[in-house]
Amino acid sequence: MVSRRNFLKLGAATATATLAGGVSLSSAKDLPVKGGKDFSPKTGRRMGFASRKAIPTSCWSCVTRCPAMGYVEDGRLVKMEGHPNSIRTEGVMCAKGQAGVNQLYDPDRILHPMKRVGKRGEGKWKRISWDEALNEVAGRLKKLRDDGHPEKFMFHYGRMKSSSSKLIKSVFLATYGTGTGGNHTSICEGGKWTAQEFTWGGHYDNWDFDNTRFVLNFGSNVLEAHTNHVPTAHRLLWAMAERDLRMVTFDVRLSNTAAKSSEWVPIKPGTDLAVVLAMCNVVMSEDLYKGDGEDFLKFCKATANNNASVVDKVATLKAHLAQYTPAWAEEISGVSADKIASIAREFAAARPGCVINYRGSVAHYNGHDTERAIQMLASITGNI
Ligand code: SF4
(Lines give C-alpha, C1' and ligand atoms only; values in the text may rest on other atoms or scores of the structure.)
Protein backbone atom coordinates (compact mmCIF):
# COMPACT_ATOMS: atom_id res chain seq x y z
CA MET A 1 0.00 0.00 0.00
CA VAL A 2 1.30 3.46 -0.81
CA SER A 3 0.88 5.68 2.24
CA ARG A 4 1.07 9.44 1.99
CA ARG A 5 4.54 9.31 3.53
CA ASN A 6 5.77 6.67 1.07
CA PHE A 7 4.22 8.59 -1.79
CA LEU A 8 6.11 11.73 -0.79
CA LYS A 9 9.32 9.73 -0.40
CA LEU A 10 8.81 8.23 -3.86
CA GLY A 11 8.28 11.68 -5.34
CA ALA A 12 11.41 13.01 -3.62
CA ALA A 13 13.49 10.05 -4.82
CA THR A 14 12.31 10.50 -8.40
CA ALA A 15 13.06 14.22 -8.35
CA THR A 16 16.47 13.55 -6.79
CA ALA A 17 17.39 10.99 -9.42
CA THR A 18 16.42 13.41 -12.17
CA LEU A 19 18.47 16.24 -10.70
CA ALA A 20 21.51 14.15 -9.88
CA GLY A 21 21.57 12.73 -13.41
CA GLY A 22 22.08 16.12 -15.02
CA VAL A 23 24.35 17.79 -12.53
CA SER A 24 27.98 17.61 -11.74
CA LEU A 25 29.28 19.35 -8.66
CA SER A 26 32.80 20.40 -8.09
CA SER A 27 32.68 18.57 -4.74
CA ALA A 28 30.46 15.92 -3.20
CA LYS A 29 29.66 14.71 -6.70
CA ASP A 30 27.51 11.78 -5.70
CA LEU A 31 25.17 13.75 -3.48
CA PRO A 32 21.67 14.53 -4.67
CA VAL A 33 21.41 18.28 -4.42
CA LYS A 34 18.32 20.32 -3.79
CA GLY A 35 19.96 23.72 -3.49
CA GLY A 36 21.27 25.98 -6.19
CA LYS A 37 18.13 26.62 -8.20
CA ASP A 38 17.50 30.09 -7.00
CA PHE A 39 18.89 33.58 -7.32
CA SER A 40 22.42 34.62 -6.55
CA PRO A 41 22.60 37.09 -3.66
CA LYS A 42 25.78 38.41 -5.30
CA THR A 43 24.61 39.02 -8.86
CA GLY A 44 20.81 38.86 -8.61
CA ARG A 45 20.85 36.41 -11.54
CA ARG A 46 19.35 32.94 -11.58
CA MET A 47 21.89 30.35 -10.49
CA GLY A 48 22.72 27.02 -12.06
CA PHE A 49 24.30 24.19 -10.11
CA ALA A 50 27.66 24.43 -11.83
CA SER A 51 28.49 27.81 -10.25
CA ARG A 52 28.13 26.61 -6.68
CA LYS A 53 30.06 24.18 -4.57
CA ALA A 54 28.02 21.96 -2.26
CA ILE A 55 29.97 21.30 0.93
CA PRO A 56 28.70 18.72 3.44
CA THR A 57 28.81 20.09 6.99
CA SER A 58 26.72 20.23 10.14
CA CYS A 59 24.71 23.07 11.65
CA TRP A 60 25.80 24.37 15.04
CA SER A 61 23.10 26.93 15.56
CA CYS A 62 21.75 24.70 18.32
CA VAL A 63 22.60 21.48 20.14
CA THR A 64 20.87 19.29 17.53
CA ARG A 65 23.86 19.54 15.18
CA CYS A 66 21.85 18.69 12.07
CA PRO A 67 23.72 17.32 9.04
CA ALA A 68 23.69 20.08 6.44
CA MET A 69 24.88 21.28 3.05
CA GLY A 70 26.52 24.64 2.61
CA TYR A 71 26.45 26.20 -0.87
CA VAL A 72 29.45 28.33 -1.68
CA GLU A 73 29.58 30.85 -4.51
CA ASP A 74 32.89 32.57 -5.33
CA GLY A 75 34.26 31.56 -1.92
CA ARG A 76 31.28 32.91 -0.02
CA LEU A 77 28.61 30.83 1.75
CA VAL A 78 25.28 31.81 0.21
CA LYS A 79 22.83 29.12 1.32
CA MET A 80 22.31 26.36 3.90
CA GLU A 81 20.07 23.34 3.49
CA GLY A 82 19.51 20.02 5.22
CA HIS A 83 21.80 17.19 4.15
CA PRO A 84 19.69 15.11 1.75
CA ASN A 85 21.18 11.80 2.95
CA SER A 86 20.54 12.34 6.64
CA ILE A 87 18.35 9.69 8.27
CA ARG A 88 18.04 11.89 11.38
CA THR A 89 16.59 14.97 9.71
CA GLU A 90 15.21 13.32 6.58
CA GLY A 91 16.96 16.06 4.61
CA VAL A 92 15.26 19.09 6.14
CA MET A 93 16.56 22.05 8.09
CA CYS A 94 14.81 24.53 10.36
CA ALA A 95 14.59 28.28 9.69
CA LYS A 96 17.23 29.07 12.31
CA GLY A 97 19.69 26.70 10.64
CA GLN A 98 19.04 28.25 7.23
CA ALA A 99 19.65 31.67 8.72
CA GLY A 100 23.12 30.50 9.84
CA VAL A 101 24.55 32.28 6.80
CA ASN A 102 23.72 35.59 8.46
CA GLN A 103 25.55 34.60 11.63
CA LEU A 104 28.73 33.88 9.70
CA TYR A 105 28.76 37.29 8.02
CA ASP A 106 27.17 39.36 10.78
CA PRO A 107 28.99 42.73 10.83
CA ASP A 108 28.87 42.67 14.66
CA ARG A 109 30.44 39.25 14.94
CA ILE A 110 33.49 39.42 17.25
CA LEU A 111 36.54 38.29 15.31
CA HIS A 112 39.37 39.54 17.57
CA PRO A 113 40.06 39.83 21.31
CA MET A 114 38.49 43.02 22.65
CA LYS A 115 39.36 44.67 25.97
CA ARG A 116 36.96 46.87 27.89
CA VAL A 117 38.45 50.34 28.36
CA GLY A 118 35.49 52.20 29.81
CA LYS A 119 33.34 51.52 32.85
CA ARG A 120 31.31 48.32 32.91
CA GLY A 121 28.24 48.88 30.74
CA GLU A 122 29.70 51.91 29.00
CA GLY A 123 30.32 49.93 25.80
CA LYS A 124 33.89 51.12 25.30
CA TRP A 125 36.30 48.49 23.92
CA LYS A 126 39.61 48.36 22.14
CA ARG A 127 41.07 45.64 19.97
CA ILE A 128 44.10 43.84 21.44
CA SER A 129 46.37 41.13 20.03
CA TRP A 130 46.01 37.45 20.89
CA ASP A 131 49.34 37.58 22.76
CA GLU A 132 48.13 40.47 24.91
CA ALA A 133 44.84 38.70 25.62
CA LEU A 134 46.48 35.39 26.53
CA ASN A 135 49.09 37.03 28.75
CA GLU A 136 46.46 39.00 30.62
CA VAL A 137 44.21 36.00 31.22
CA ALA A 138 47.16 33.77 32.16
CA GLY A 139 48.38 36.38 34.68
CA ARG A 140 45.00 36.47 36.40
CA LEU A 141 44.73 32.68 36.46
CA LYS A 142 48.22 32.37 37.91
CA LYS A 143 47.46 34.83 40.70
CA LEU A 144 44.33 32.93 41.75
CA ARG A 145 46.21 29.65 41.84
CA ASP A 146 49.22 31.13 43.63
CA ASP A 147 46.78 32.51 46.24
CA GLY A 148 45.44 28.99 46.78
CA HIS A 149 42.03 29.59 45.20
CA PRO A 150 41.90 27.97 41.76
CA GLU A 151 38.20 27.23 42.33
CA LYS A 152 37.51 30.97 41.99
CA PHE A 153 38.23 30.62 38.29
CA MET A 154 34.98 29.82 36.51
CA PHE A 155 35.05 28.61 32.93
CA HIS A 156 31.92 29.94 31.26
CA TYR A 157 30.93 28.87 27.78
CA GLY A 158 27.96 28.28 25.49
CA ARG A 159 28.41 25.02 23.67
CA MET A 160 31.69 23.23 23.12
CA LYS A 161 32.39 21.52 19.86
CA SER A 162 32.89 17.75 20.15
CA SER A 163 36.48 16.97 21.15
CA SER A 164 37.19 20.46 22.55
CA SER A 165 34.94 19.54 25.47
CA LYS A 166 37.24 16.70 26.54
CA LEU A 167 40.32 18.83 26.03
CA ILE A 168 39.07 21.76 28.09
CA LYS A 169 37.32 19.89 30.90
CA SER A 170 39.58 16.85 31.30
CA VAL A 171 42.92 18.47 30.52
CA PHE A 172 42.91 22.25 30.93
CA LEU A 173 40.50 22.67 33.87
CA ALA A 174 41.65 19.48 35.61
CA THR A 175 45.30 20.52 35.32
CA TYR A 176 44.60 24.03 36.53
CA GLY A 177 42.58 22.71 39.45
CA THR A 178 39.05 24.04 39.11
CA GLY A 179 35.80 22.27 38.54
CA THR A 180 33.81 25.52 38.48
CA GLY A 181 31.95 25.87 35.20
CA GLY A 182 28.88 27.45 33.75
CA ASN A 183 27.25 26.92 30.38
CA HIS A 184 24.07 27.03 28.37
CA THR A 185 22.51 24.23 30.43
CA SER A 186 23.03 26.16 33.67
CA ILE A 187 20.34 28.63 32.64
CA CYS A 188 18.26 26.22 30.57
CA GLU A 189 17.23 22.67 31.47
CA GLY A 190 19.83 21.88 34.14
CA GLY A 191 17.14 20.87 36.65
CA LYS A 192 15.79 18.30 34.20
CA TRP A 193 19.13 16.59 33.67
CA THR A 194 20.15 16.55 37.33
CA ALA A 195 16.76 15.02 38.19
CA GLN A 196 17.21 12.31 35.58
CA GLU A 197 20.72 11.63 36.88
CA PHE A 198 19.35 11.29 40.43
CA THR A 199 16.62 8.97 39.16
CA TRP A 200 18.34 6.87 36.52
CA GLY A 201 22.05 7.56 36.88
CA GLY A 202 22.28 9.27 33.48
CA HIS A 203 20.23 11.56 31.32
CA TYR A 204 18.78 12.08 27.91
CA ASP A 205 15.36 12.17 26.34
CA ASN A 206 14.74 9.95 23.35
CA TRP A 207 11.05 9.67 22.64
CA ASP A 208 9.63 6.98 20.40
CA PHE A 209 7.24 9.12 18.37
CA ASP A 210 7.21 6.51 15.59
CA ASN A 211 5.26 4.11 17.82
CA THR A 212 3.62 6.05 20.62
CA ARG A 213 -0.16 6.50 20.68
CA PHE A 214 -0.45 9.33 23.20
CA VAL A 215 1.88 12.21 24.05
CA LEU A 216 1.41 13.98 27.34
CA ASN A 217 3.32 17.24 27.21
CA PHE A 218 4.25 19.47 30.14
CA GLY A 219 5.66 22.73 28.86
CA SER A 220 7.67 21.61 25.85
CA ASN A 221 7.40 23.75 22.73
CA VAL A 222 8.61 20.74 20.79
CA LEU A 223 7.29 21.83 17.40
CA GLU A 224 9.23 25.12 17.47
CA ALA A 225 12.43 24.51 19.43
CA HIS A 226 13.86 21.66 21.37
CA THR A 227 16.93 19.56 22.02
CA ASN A 228 17.16 17.40 18.88
CA HIS A 229 14.62 19.77 17.35
CA VAL A 230 14.35 18.91 13.65
CA PRO A 231 14.39 15.09 13.98
CA THR A 232 11.99 15.19 16.94
CA ALA A 233 9.48 17.67 15.51
CA HIS A 234 9.54 15.96 12.14
CA ARG A 235 8.71 12.53 13.57
CA LEU A 236 6.03 13.93 15.85
CA LEU A 237 4.30 15.70 12.97
CA TRP A 238 4.38 12.55 10.85
CA ALA A 239 2.75 10.64 13.71
CA MET A 240 0.09 13.34 14.18
CA ALA A 241 -0.70 13.45 10.45
CA GLU A 242 -0.57 9.73 9.68
CA ARG A 243 -1.66 7.99 12.85
CA ASP A 244 -3.89 10.55 14.51
CA LEU A 245 -1.52 10.58 17.47
CA ARG A 246 -3.20 12.28 20.40
CA MET A 247 -1.20 14.96 22.19
CA VAL A 248 -2.31 16.89 25.27
CA THR A 249 -0.21 19.94 26.12
CA PHE A 250 -0.11 21.69 29.48
CA ASP A 251 1.32 25.15 28.95
CA VAL A 252 0.87 28.62 30.39
CA ARG A 253 0.44 30.01 26.87
CA LEU A 254 -1.02 28.97 23.54
CA SER A 255 2.31 28.16 21.90
CA ASN A 256 2.36 26.81 18.35
CA THR A 257 2.87 23.35 19.86
CA ALA A 258 -0.15 23.83 22.12
CA ALA A 259 -2.18 25.06 19.15
CA LYS A 260 -1.28 21.99 17.08
CA SER A 261 -2.01 19.62 19.99
CA SER A 262 -5.27 17.67 20.25
CA GLU A 263 -5.90 19.56 23.47
CA TRP A 264 -4.31 22.52 25.23
CA VAL A 265 -4.69 22.73 29.00
CA PRO A 266 -3.72 26.18 30.38
CA ILE A 267 -1.92 25.96 33.73
CA LYS A 268 -0.48 28.46 36.22
CA PRO A 269 3.31 28.92 35.88
CA GLY A 270 5.45 26.55 37.94
CA THR A 271 2.57 24.30 39.07
CA ASP A 272 3.08 21.31 36.75
CA LEU A 273 4.52 19.39 39.71
CA ALA A 274 1.16 19.42 41.51
CA VAL A 275 -0.67 18.16 38.43
CA VAL A 276 1.86 15.37 37.80
CA LEU A 277 1.75 14.22 41.43
CA ALA A 278 -2.07 14.17 41.31
CA MET A 279 -1.92 12.09 38.12
CA CYS A 280 0.42 9.65 39.90
CA ASN A 281 -2.12 9.53 42.72
CA VAL A 282 -4.91 8.60 40.26
CA VAL A 283 -2.78 5.91 38.60
CA MET A 284 -1.89 4.28 41.91
CA SER A 285 -5.21 4.66 43.76
CA GLU A 286 -7.22 3.33 40.80
CA ASP A 287 -4.78 0.43 40.19
CA LEU A 288 -3.96 1.71 36.69
CA TYR A 289 -0.30 0.77 37.25
CA LYS A 290 -1.14 -2.91 36.80
CA GLY A 291 0.52 -4.49 33.79
CA ASP A 292 3.58 -2.73 32.35
CA GLY A 293 3.83 -0.26 35.25
CA GLU A 294 3.80 -3.03 37.84
CA ASP A 295 6.40 -4.97 35.87
CA PHE A 296 8.66 -1.94 35.68
CA LEU A 297 8.45 -1.40 39.45
CA LYS A 298 10.62 -4.50 39.84
CA PHE A 299 13.51 -2.35 38.66
CA CYS A 300 12.70 0.78 40.71
CA LYS A 301 13.55 1.72 44.25
CA ALA A 302 10.49 3.09 46.05
CA THR A 303 11.29 2.34 49.69
CA ALA A 304 14.33 2.52 51.98
CA ASN A 305 14.75 -1.21 51.53
CA ASN A 306 16.67 -2.03 48.36
CA ASN A 307 15.20 -5.54 48.33
CA ALA A 308 11.56 -4.55 48.83
CA SER A 309 8.95 -6.58 46.93
CA VAL A 310 6.73 -5.00 44.30
CA VAL A 311 3.81 -5.37 46.74
CA ASP A 312 5.71 -3.28 49.31
CA LYS A 313 6.64 -0.69 46.69
CA VAL A 314 3.03 -0.35 45.55
CA ALA A 315 1.83 0.06 49.15
CA THR A 316 4.50 2.70 49.83
CA LEU A 317 3.69 4.67 46.70
CA LYS A 318 -0.04 4.57 47.37
CA ALA A 319 0.45 5.81 50.91
CA HIS A 320 2.83 8.59 49.89
CA LEU A 321 0.75 9.81 46.94
CA ALA A 322 -2.58 9.77 48.83
CA GLN A 323 -2.03 13.39 49.94
CA TYR A 324 -1.73 14.67 46.34
CA THR A 325 -5.36 14.51 45.25
CA PRO A 326 -6.67 16.08 42.02
CA ALA A 327 -8.68 18.52 44.18
CA TRP A 328 -5.46 19.58 45.94
CA ALA A 329 -3.75 20.08 42.56
CA GLU A 330 -6.70 22.10 41.23
CA GLU A 331 -6.25 24.67 44.01
CA ILE A 332 -2.60 25.13 43.06
CA SER A 333 -2.62 24.84 39.28
CA GLY A 334 -6.02 26.14 38.22
CA VAL A 335 -6.61 22.93 36.22
CA SER A 336 -9.88 21.27 37.21
CA ALA A 337 -9.67 18.06 39.25
CA ASP A 338 -11.88 16.26 36.71
CA LYS A 339 -9.54 17.22 33.87
CA ILE A 340 -6.46 16.03 35.79
CA ALA A 341 -8.07 12.69 36.63
CA SER A 342 -9.48 12.06 33.15
CA ILE A 343 -6.16 12.78 31.41
CA ALA A 344 -4.32 10.55 33.92
CA ARG A 345 -6.72 7.68 33.14
CA GLU A 346 -6.43 8.24 29.41
CA PHE A 347 -2.63 8.31 29.55
CA ALA A 348 -2.43 5.15 31.66
CA ALA A 349 -4.69 3.28 29.22
CA ALA A 350 -3.09 4.45 25.97
CA ARG A 351 0.00 2.26 25.89
CA PRO A 352 2.48 2.89 24.50
CA GLY A 353 2.38 6.54 25.48
CA CYS A 354 5.10 9.00 26.31
CA VAL A 355 5.31 11.95 28.64
CA ILE A 356 7.47 14.79 27.40
CA ASN A 357 8.44 18.09 28.96
CA TYR A 358 10.94 20.89 28.90
CA ARG A 359 11.55 24.35 30.21
CA GLY A 360 7.88 25.23 30.64
CA SER A 361 7.83 22.77 33.53
CA VAL A 362 11.48 22.49 34.62
CA ALA A 363 12.79 26.07 34.42
CA HIS A 364 11.34 26.88 37.87
CA TYR A 365 12.54 26.64 41.46
CA ASN A 366 10.79 23.25 41.66
CA GLY A 367 11.85 22.03 38.19
CA HIS A 368 14.12 19.30 39.52
CA ASP A 369 11.26 17.77 41.55
CA THR A 370 8.86 18.19 38.63
CA GLU A 371 11.17 16.14 36.43
CA ARG A 372 11.44 13.43 39.07
CA ALA A 373 7.64 13.28 39.35
CA ILE A 374 7.37 13.06 35.56
CA GLN A 375 9.79 10.13 35.55
CA MET A 376 7.63 8.52 38.25
CA LEU A 377 4.49 8.96 36.14
CA ALA A 378 6.25 7.39 33.15
CA SER A 379 7.49 4.50 35.31
CA ILE A 380 4.21 3.56 37.01
CA THR A 381 2.38 3.57 33.68
CA GLY A 382 5.10 1.43 32.05
CA ASN A 383 5.93 4.18 29.56
CA ILE A 384 9.70 4.40 29.97
S1 SF4 B 1 17.57 22.16 14.72
FE2 SF4 B 1 17.87 23.92 13.34
S3 SF4 B 1 19.32 25.29 14.40
FE4 SF4 B 1 19.42 23.26 15.41
S5 SF4 B 1 21.16 22.22 14.43
FE6 SF4 B 1 19.26 21.61 13.33
S7 SF4 B 1 19.06 23.09 11.64
FE8 SF4 B 1 20.55 23.94 13.10
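**Close-up views of a predicted model**

**View 1. Aromatic pairs around Phe153 and Tyr176.** A search of the whole structure finds eleven aromatic pairs, where rings of Phe, Tyr and Trp (its six-membered ring) pair if their centres lie within 6.5 Å, and planes under 30 degrees apart count as stacked, over 60 as edge-to-face and the rest as tilted. The centres of the Phe153 and Tyr176 rings are 5.3 Å apart and the planes stand at 80°, so this pair is edge-to-face. Because Phe153 lies in the loop between α4 (130-146) and β6 (155-156) while Tyr176 belongs to helix α5 (residues 163-176), the pair ties together parts that are 23 residues apart in sequence; helices (H or I, at least four residues) and strands (E, at least two) are DSSP runs, numbered from the N terminus. Phe153 is buried at a relative accessible area of 14%, and Tyr176 also counts as buried, at 9%, given that buried means under 20% relative accessible area, exposed over 50% and partly exposed in between (1.4 Å probe, protein chains only). Ring pairs link Phe153, Phe155, Tyr157, Phe172 and Tyr176 into a cluster. This is a predicted model, in which local features need pLDDT of at least 70 and side-chain atom pairs count only at pLDDT 80 or more, whereas totals for chains, interfaces and linings use all residues. Residues are numbered from 1 along each chain as its sequence is written, and side-chain values use heavy atoms, with hydrogens and water left out.

**View 2. The open sheet β10-β9-β8-β11.** Four strands, in the order β10-β9-β8-β11, form an open sheet with parallel pairing, two strands being paired if DSSP finds at least two bridges between them. The edge strands, each of which pairs on one side only, are β10 (263-266) and β11 (353-357). From one strand to the next the twist averages 15°, with axes taken as lines fitted to C-alpha atoms, for helices over the stretch in contact, and angles running from 0 to 180 degrees between N-to-C directions. Strand β9 (residues 246-251) is joined to β10 by four bridges, and Val248 stands opposite Glu263 in β10. Five bridges join β8 to β9, with Leu216 standing opposite Val248 in β9.

**View 3. Strand β8 and helix α13.** Five of the five residues of β8 are buried: Phe214, Leu216 and Phe218 point one way from the strand, and Val215 and Asn217 point the other way. Helix α13 (residues 337-349) lies across β8 (214-218), β9, β10 and β11, and runs at about 140° to β8.

**View 4. Surroundings of Ser255.** Ser255 is found in the loop between β9 and α8 (256-260), where this residue is buried with a relative accessible area of 1%. Leaving aside residues up to four places away in sequence, Ser255 touches Asn221 and Glu224, contact meaning heavy atoms within 4.5 Å.

**View 5. Arg76 over the ring of Tyr105.** The charged end of Arg76 sits over the Tyr105 ring, 3.8 Å from its centre; a charge sits over a ring if NZ of Lys or CZ of Arg is within 6 Å of the ring centre and within 35 degrees of the ring normal.

View 6. Zero disulfides are found when the whole structure is searched, a disulfide being a pair of cysteine sulfur atoms within 2.5 Å. Cys66 counts as buried at 9% relative accessibility, whereas Cys94, at 24%, counts as partly exposed.
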